[in-house]
Amino acid sequence: MLIETPCFIVKEDILNENLENLKQGASLFKKSILSYSVKTNPLPWLIDYFKEHDLYAEVVSDEEYKYVLSKGYEREKIIFNGPIKSRENFLEAVSTDSIVNIDSMREIKWITEMSTRSKVGLRVNVYNEDLTGLIYPESRFGFSYENGDIKRIIDIFNRTNTSIKGLHFHLNKKDRSVQTYEYISNLAIRIINEFGLDLDYIDFGGGFLGGRGYDFSDYTKVIKEQFEKSQINVDEICMIFEPGAALVATSIDFMMKIVDKKIINHNIYLTADGSRIYTDPTITSKRYKYEINTASDDFISQKQIICGFTCMENDRIMEFNGGKRLEENDTILIKDIGAYTMSLSPIFILGPPRVYLLNKNSEYKLVRKNKELTGFF
Ligand SMILES: Cc1ncc(COP(=O)(O)O)c(C=O)c1O
């Protein structure tokens with residue numbers, strides 16, 4: 001099949017490997033759940049793939065909740081997180097046995113007003129001055145154990161028809177280190193012991209490294225060790241993990257083609273049919289892994305700057321100081337950009353590009369057509 005650029009390419013063999021790695025790691029526990037973080041990349045083909053492979057779906061908005069229901073997810077296999085659930089969908093999810101983790105004061109009000117007995121999870125704020133590499137030292141999510149909010153909520157629940165079924169954590173840490181989960185495990189143990197909680201689950205959120213060279217059991221071993229040191233019987237609690245990046249980051253590449261070339265002063269500007277809005281939508285100056293496909297074997301010393309199709313001056317995707325002379329129709333494959341890049345790409349000048357699946361038999365299949373602006377507005 002002829003690949004048309006610009007396009008994303010989902011590599012099924014890498015996805016299978018990443019999933020197998022996570023399944024192996026999670027199997028250290030007697031009871032565990034892997035739940036795909038839908039926001040990381042909500043491509044319909046991926047949602048179907050994870051459903052077929054028996055993963056739960058972790059959603060954080062009414063729209064994601066309805067989306068996975070429309071994809072045939074059983075309600076018990078949906079984890080509904082985040083502070084922006086509507087009252088209607090929140091109550092529906094609680095009363096139809098989805099796993100619901102509370103992360104706002106208004107949900108506490110809604111749940112305690114329910115006339116029937118209900119069980120929910122509680123997102124716990126993770127705060128530790130010694131944890132380095134945090135995007136913000138103080139997370140805005142979850143309820144604080146340190147300031148007594150967890151205790152106050154447990155007291156409110158004890159006076160009403162509500163009980164705590166699980167504790168939920170998630171920390172965005174740049175290094176995605178194992179130590180984060182050691183800290184979270186000990187915080188969970190402290191809360192369980194202090195308040196005598198009888199939990200169905202502990203949800204560790206996402207934030208894991210994945211792809212070749214990483215072993216998910218490095219995380220699960222550390223978690224298990226912490227619980228084994230405590231009096232808590234880890235076999236009785238279901239350990240939940242909500243990976244996004246660890247599953248999809250390394251399983252998706254982006255391909256673009258050079259469509260034009262011009263020289264300004266001494267620099268060569270090569271315009272591609274791709275854009276930084278597809279490879280680095282948050283403009284964080286990513287360094288890419290890439291492969292160039294060119295027939296040229298002519299080496300030059302001039303600077304070559306690969307630019308995107310948009311009219312933004314900073315739509316400069318990569319630059320090379322010297323190297324093979326690049327020409328029109330050469331292609332560049334940017335690797336491992338499956339997590340968040342597709343979902344954060346704006347609709348700007350062009351609609352979203354095509355997505356191909358490269359299946360395990362090395363055949364390409366179109367799984368999302370490019371959508372033109374006329375289809376959107
Ligand atoms: C609550 C929660 N769970 C899971 C994830 C997925 O994280 P990652 O893609 O780093 O695995 C996120 C990401 O922000 C999250 O907020």
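Colleague: In which sense do strand β2 and strand β9 pair, and over how many bridges?

Modeller: Before we start, keep in mind that this is a predicted model. As a general idea, strands of a sheet pair through backbone hydrogen bonds, either parallel or antiparallel. Here β2 (residues 32–37) and β9 (residues 238–241) pair in the parallel sense, over three bridges. To find the spot on your screen, look for I33, whose bridge partner in β9 is I240.

Colleague: What do strands β2 to β9 form together?

Modeller: They make a closed barrel of eight strands with parallel pairing, in the order β2-β3-β4-β5-β6-β7-β8-β9. From one strand to the next, the twist averages 30°.

Colleague: Which strands does helix α5 lie across?

Modeller: Helix α5 (residues 105–112) lies across β5 (99–102), β6 (118–123) and β7 (162–168). Relative to β5, the helix runs at about 125°.

Colleague: Now to β10. Which way does β10 run relative to β1, and how many bridges join them?

Modeller: The two run antiparallel, and four bridges join β1 (residues 7–11) to β10 (residues 252–264). One place to look is I9, whose bridge partner in β10 is D253. Strand β15 (residues 331–335) is also joined to β10 by four bridges, and these two strands run antiparallel as well. In that pairing, M255 stands opposite L333 of β15.

Colleague: And how many bridges does β10 share with β11?

Modeller: Six, again in the antiparallel sense, with β11 covering residues 267–272. D260 has T271 as its bridge partner in β11. The two strands form a hairpin with two residues between them, and N265 in the turn has a positive phi of about 50°.

Colleague: Let's move on to helices. What describes two packed helices?

Modeller: Take α1 (residues 12–26) and α8 (residues 217–229): their axes come within 8 Å and cross at roughly 15°. Angles under 35 degrees count as roughly parallel, and α1 and α8 are therefore roughly parallel to each other. The crossing of α1 past α8 is right-handed.

Colleague: Which residues make that contact?

Modeller: On α1 they are Q24, G25 and A26, and on α8 they are S217, Y219 and T220. By class, this contact has two nonpolar, four polar and no charged residues.

Colleague: At what angle do α7 and α8 pack, and how far apart are their axes?

Modeller: Helix α7 (residues 178–195) packs with α8 at an angle of about 30°, and the axes are 9 Å apart. That makes α7 roughly parallel to α8. Here too the crossing is right-handed, with α7 passing α8.

Colleague: Which residues of α7 and α8 meet?

Modeller: From α7 you have V178, Y181, E182, S185, N186 and I189, meeting D218, Y219, V222, I223, Q226 and F227 of α8. Sorted by class, the contact of α7 with α8 has seven nonpolar, three polar and two charged residues.

Colleague: One last stop, the ligand. Which residues come nearest to the ligand?

Modeller: There are 15 residues around the ligand, and S37, H170, G206, G244 and A245 come nearest. By class, the shell has five nonpolar, eight polar and two charged residues.

Notes:
Residues are numbered from 1 along each chain as its sequence is written. This is a predicted model: local features need pLDDT of at least 70, side-chain atom pairs count only at pLDDT 80 or more; totals for chains, interfaces and linings use all residues. A residue is near a molecule or strand if its C-beta atom, placed from the backbone, lies within 6 Å of it. Ala, Val, Leu, Ile, Met, Phe, Trp, Tyr, Cys and Pro count as nonpolar, Asp, Glu, Lys and Arg as charged, and the others, Gly among them, as polar. Axes are lines fitted to C-alpha atoms, for helices over the stretch in contact, and angles run from 0 to 180 degrees between N-to-C directions. Angles under 35 degrees count as roughly parallel, over 145 as roughly antiparallel, 65 to 115 as roughly perpendicular and the rest as oblique. A crossing is left-handed if the near helix is turned anticlockwise from the far one by less than a right angle, and right-handed if clockwise. Two residues are in contact if their C-beta atoms, placed from the backbone, lie within 7 Å. Two strands pair if DSSP finds at least two bridges between them.
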